[in-house]
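Student: I've got the model open and would like to talk through how its pieces pack. Can we go one question at a time?

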Amino acid sequence: MSKLFPFSLLAASLLAAAPTAALASSHREAPGIAEDQYVDNTDVYAFISPTDASKLVIVANYVPLLIPSSGPNFYRFSDDALYEIHIDNNGDAVADLTYRYQFQTRTKNGGTFLYNTGPVDSLASANLNVTQSYRLSRIDERSGRRTTVIDNAAVAPWHVGKRSFPGGAYENVALQAVAQAGGVRSFAGPRDEPFFVDLHVFDLLGVGGAPTTDGVNVMSLVLEVPISELAYGGVRPAAGVADRTSVLGIYASASRRKVRILRERRDADELGSFVQVSRLAWPLVNEVIIPLRDKDKYNRSLPRDDVKNFGAYILDPEVPKLLNAVLGAGCAAPAAGGRTDIVGLLAPNGTVAADLLRININQGQTFANSGFPNGRKLTDDVTDTLLTVACNNGAAIGDGVNANDKPFTSTFPYLASPHSGNP
Amino acid sequence: MPRSASSSGAGFAVRGASIALLALGLGCQATEAPRPVATEPAPSAAPRWAGSQEELARALDEAAQSVEPGANRQVRQRWLGQQVRWTVWRIPQLCGAEGACYVRPFSSARREEHGAHGWLPEVELTASERQALLAGCGDRALCQVTLEARVDELVVSDEAPTSIKLGGARVVATGDA
């Protein structure tokens with residue numbers, strides 16, 4: 001049970017000398033990425049599939065806090081970016097496999113401002129004026145070999161409203177965007193924002209149970225892959241194995257080309273190689289562990305360098321000090337060496353400590369075994385978990401928001417249908 | 001203040017040229033009795049320490065605030081390749097019997113005193129120096145270590161996080177933190 005901390009004017013005055021904290025998994029967490037919303041990672045989830053324990057589900061969300069009625073140019077993925085899910089399967093914090101999504105937008109009729117020119121009852125509807133498709137590639141980072149897993153798959157459309165999707169047709173249309181090839185399933189499109197938190201924390205840690213992410217959407221990539229395709233050497237470790245290959249380390253990223261040239265009479269040119277502009281694994285790391293001076297640099301860097309680049313922030317986090325100063329939370333003083341317990345959580349089974357979402361993939365692992373920090377299920381209240389870990393005084397604390405506004409589904413893609421722009 | 005590697009090198013070059021010209025002049029006066037040659041102080045065997053980690057942190061802070069182009073490059077040029085003698089803190093979880101060794105450059109109070117820095121220097125240790133470190137520190141949760149090392153890598157950038165690698169490290173002393 002979460003305990004809420006009252007906010008007081010006295011606490012506010014104590015905060016005056018301290019920097020403020022941010023707390024929304026990774027929504028608009030850094031100054032640079034806040035200016036480039038389409039490539040802003042928000043959350044990563046990983047869990048053993050509830051429908052097939054031989055598969056792993058990875059959810060990578062982007063484009064935060066989307067208002068459903070955001071027409072006429074409804075949200076989508078960027079055509080000029082790489083969206084990637086990276087897998088470390090031998091514990092060295094270096095990606096061994098990458099699943100890459102690349103998108104392409106098409107407009108059937110450029111002579112109208114409408115996203116859809118009539119009611120839509122299927123993905124193939126001629127009334128769906130603006131559509132997006134994608135290619136999913138798998139890259140073996142050791143050999144550099146890239147293979148196309150799924151090509152020309154449809155992105156689910158935006159849930160424009162009841163007139164565009166009459167009779168509750170939206171989710172049926174959206175689920176037509178589930179693509180499958182071999183043992184891999186993939187979904188790309190808008191979903192209900194699954195992260196639940198009280199964003200009033202931005203107001204001088206004024207949390208009080210307000211479900212501030214209710215009613216908004218996010219752009220989701222959902223990937224379900226046979227674990228044997230992800231495991232080191234292509235073999236799922238036996239039950240009980242506890243070495244570095246028994247856990248996968250996962251992070252998602254987005255990259256843009258180095259150069260963008262605006263043209264006066266045509267579309268801009270995107271040139272040069274891709275540069276990573278956003279990354280995410282554990283929730284809230286870049287939000288509350290990394291301070292402002294390094295947030296954009298964190299997004300540019302790689303997990304393998306996290307201890308070298310940001311280790312002092314992890315050993316000496318700001319959060320418990322703020323909780324004590326502002327809310328009188330009574331958080332424990334750190335041990336002599338600093339928060340080596342957090343470093344330990346980032347390095348299970350002898351893996352190299354890094355901001356990677358790690359999950360045990362041994363045979364016998366099931367959906368029931370998944371749960372942050374062993375992967376992350378959609379229902380996990382990571383805010384409460386991380387606040388409790390950060391405070392480290394034996395008491396459970398939290399923000400007072402303990403569940404999503406919509407129930408998650410038991411079937412792929414597991415995320416709830418997005419909120420309608422015109423319910 | 002830390003010495004600049006480039007200006008130090010230029011200084012030696014100018015002094016060397018002066019000595020050479022002086023020697024040539026003496027050569028033209030061969031009939032005169034030899035006179036003592038002006039000499040530079042003999043190079044000291046003791047290394048010149050570039051500065052403390054606090055000084056490096058201060059330089060990084062100043063570069064981060066500077067609007068002058070090249071401020072980051074100047075910090076890098078001033079420190080890269082220099083010898084340092086730093087007292088740091090070793091934590092077993094980040095510097096054990098094998099693998100990379102990272103040390104805390106500051107006490108935990110530094111954040112309040114001087115502002116935040118995230119970097120932990122990576123220390124390249126030979127097997128014997130690692131053994132010396134392990135023997136001196138044992139399993140203490142926090143062990144104070146005085147190192148002599150060379151700044152082999154230093155990233156100072158507006159785009160990338162600061163990172164530092166110390167090479168050729170020698171463990172001078174260990175003790176309780």
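Student: How are α6(A) and α7(A) oriented to each other, roughly parallel or roughly antiparallel?

Tutor: This is a predicted model, where local features need pLDDT of at least 70, side-chain atom pairs count only at pLDDT 80 or more, and totals for chains, interfaces and linings use all residues. Residues are numbered from 1 along each chain as written, chains are lettered from A and ligands numbered from 1 in written order, and side-chain values use heavy atoms, leaving out hydrogens and water. The axes of α6 (292–300) and α7 (306–315) of chain A cross at roughly 155° and come within 12 Å; axes are lines fitted to C-alpha atoms over the stretch in contact, with angles from 0 to 180 degrees between N-to-C directions. Angles over 145 degrees count as roughly antiparallel, so α6(A) and α7(A) are roughly antiparallel.

Student: Over in chain B, how far apart are the axes of α2 and α3?

Tutor: Helix α2 (residues 53–65) and helix α3 (residues 71–79) of chain B pack at about 160°, and are therefore roughly antiparallel too. Glu55(B) and Leu56(B) are among the α2(B) residues in the contact, and Val75(B) and Trp79(B) among those of α3(B). As for the spacing, the α2(B) and α3(B) axes are 8 Å apart.

Student: What is the closest N to O distance between Arg300(A) and Glu159(B)?

Tutor: Side chains of opposite charge can pair when their charged atoms come close. The rule here asks for a side-chain nitrogen of Lys or Arg within 4 Å of a carboxyl oxygen of Asp or Glu, and it finds 4 salt bridges across the interface of chain B and chain A. Arg300(A) and Glu159(B) form a salt bridge, with their closest N and O atoms at 2.8 Å.

Student: Which residue does Arg142(A) form a salt bridge with?

Tutor: Its partner is also in chain A, with the closest N and O atoms 3.2 Å apart. Arg142(A) sits in the loop between β5 and β6, and the partner in the loop between β3 and β4, so the pair ties together parts 46 residues apart in sequence. The partner is Asp96(A).

Terms used:
Helix = DSSP H or I, 4+ residues; strand = E, 2+ residues; numbered from the N terminus. Parallel < 35°, antiparallel > 145°, perpendicular 65-115°, else oblique. Contact = heavy atoms within 4.5 Å.
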